[in-house]
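Please walk me through this structure in plain terms. I would like to know about its pockets, its salt bridges and its nonpolar cores.

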Amino acid sequence: MTDNPQINIKDNCIKCGRCEAVCPVGVFSRDTVSRAVTVVSPHHCIGCGQCVAVCPASAISHSLFSDEDIVAYERTACPSPDDVMLLMKTRRSNRAMSRKPVERALVEKIIEAAYSSPTAHNSRDLQFTLVSSDDKLRMLTDFTCATYSRTIRRLQSPFVKPFLSLIKPGVYANVPVMSHVVKSWASGHDNVLRKATAVILISTRRNEMMSSADAQLAYQNASLMAESLGVAHFYLGYLCAALRLAPGKLEGSLGIGGTIHAAMAIGMPAMRFDKYIDRGCPEWSEI
């Protein structure tokens with residue numbers, strides 16, 4: 001992305017004003033009398049592509065997007081609302097995986113879907129790391145259990161516990177869970193990765209206000225794509241909790257320049273679900 005993109009309005013502009021209406025940063029202005037649209041603040045452009053995507057006349061020339069980047073589609077070709085709802089309701093965290101690896105083409109589709117998610121201010125600051133070797137996968141579980149063990153020791157310290165239990169009593173609620181994960185690993189059972197044959201780590205180069213949210217949105221896209229491809233997957237909550245307890249440590253060990261915010265375990269399912277559980281109607285209010 002360039003700091004000064006070249007944006008021009010072509011002669012075939014129909015003066016509909018859609019580009020001005022959808023631009024989030026005020027790149028365009030529309031004359032109240034002639035209705036003509038002009039480019040007034042190209043330096044504000046964040047490269048989101050809203051303007052070129054909404055223009056019905058293809059009248060915007062934008063240096064950040066080639067003709068091949070701008071893809072027309074028919075709304076009727078998209079899944080219906082019922083199809084989308086069915087996909088979301090049938091999506092499950094499937095931890096029953098076979099030892100068969102996930103085909104590379106499927107992994108690429110999952111990551112492509114993740115990268116298609118929205119990011120704050122169109123930062124596109126998303127990185128994806130596929131962990132598939134046995135030694136690196138073991139490193140993820142080792143890191144999680146070592147972090148939990150260290151955290152438990154600190155929390156149980158006679159110098160810390162009397163004060164912390166008064167100030168932040170809720171911090172001890174997860175000690176039994178962490179202890180169970182550590183003890184299971186010591187006895188040969190991996191409750192972190194289960195039998196996942198690979199993990200997709202979602203990180204950002206910068207750790208800014210919306211970076212974690214950007215990664216979680218990317219994860220949701222990846223999750224739905226994995227479900228549609230028949231790839232078993234689940235959110236690595238134990239690993240992500242350890243990442244928050246020991247910021248930067250795993251990233252340094254893996255050579256990832258940035259901060260890991262989300263992680264997805266993937267594998268081919270050992271069994272499939274042919275039913276979903278209706279969770280009922282949500283409670284909501286209007287104010």
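Which helices each supply at least two residues of the lining of the second largest pocket? They are α4 (104-115) and α8 (211-229). Helices here are DSSP runs of H or I with at least four residues, strands are runs of E with at least two, and both are numbered from the N terminus. The model is a predicted one, in which local features need pLDDT of at least 70 and side-chain atom pairs count only at pLDDT 80 or more, while totals for chains, interfaces and linings use all residues. Residues are numbered from 1 along each chain as its sequence is written, and side-chain values use heavy atoms, with hydrogens and water left out.

The pockets come first. Rolling a probe the size of a water molecule over the atoms shows where empty space is left. A pocket is found on a 1 Å grid over the protein atoms alone: it is an open set of points where a 1.4 Å probe fits, with protein on both sides within 12 Å along at least five of seven lines, and its lining residues have an atom within 4 Å of a point. Grid points are joined across faces, edges and corners, and the volume is the space filled by probe spheres set on the points.

The second largest pocket holds about 450 Å³ of space. It has 13 lining residues, and those nearest its centre are E112, A113, S116, S117 and N221. Six of the lining residues are nonpolar, four are polar and three are charged. In this grouping Ala, Val, Leu, Ile, Met, Phe, Trp, Tyr, Cys and Pro are nonpolar, Asp, Glu, Lys and Arg are charged, and the others, Gly among them, are polar.

The largest pocket has a volume of about 640 Å³. Its lining is made of 19 residues, with G49, V52, F65, D69 and I70 the closest to the centre. Helix α2 (residues 50-54) contributes the most to this lining, with four residues. By class, the lining has 13 nonpolar, four polar and two charged residues.

Contact means heavy atoms within 4.5 Å. With neighbours within four places in sequence left aside, H62 is in contact with P5, Q6, I7, C45, C51 and V52. H62 has a relative accessible area of 6%, so it counts as buried; buried means under 20%, exposed over 50% and partly exposed in between, using a 1.4 Å probe and protein chains only. In the loop between α2 and β4 lies S58, whose phi is near 50°, a positive value in a residue other than glycine. Most residues other than glycine have a negative phi.

Charged pairs are the next topic. Side chains of opposite charge can pair when their charged atoms come close. A salt bridge is counted when a side-chain nitrogen of Lys or Arg is within 4 Å of a carboxyl oxygen of Asp or Glu, and the count comes to six. One of them joins R205 and D125, at 3.3 Å from N to O. This pair links distant parts of the chain, 80 residues apart: R205 is in the loop between β6 (198-204) and α8, and D125 is in the loop between α4 and β5 (127-131). R205 is partly exposed at 49% relative accessibility, whereas D125 is buried at 4%. R206 and E208 form another salt bridge, at 3.2 Å, and D125, R205, R206 and E208 are linked in a network.

A further salt bridge joins D142 and R138, with the closest N and O atoms 3.7 Å apart. Because these two residues are four apart in helix α5 (residues 134-155), about one helical turn separates them.

What remains is the nonpolar interior. In soluble globular proteins, nonpolar side chains tend to be buried together. A nonpolar core is a set of buried Ala, Val, Leu, Ile, Met, Phe, Trp, Tyr and Cys residues joined through side-chain atoms within 4.5 Å. The largest such core has 32 residues, of which V199, L201, L236 and L239 touch the most other members. Helix α5 gives the most to this core, with seven residues. Apart from it lies another core of 19 residues, including V107, L126, I200 and M264.
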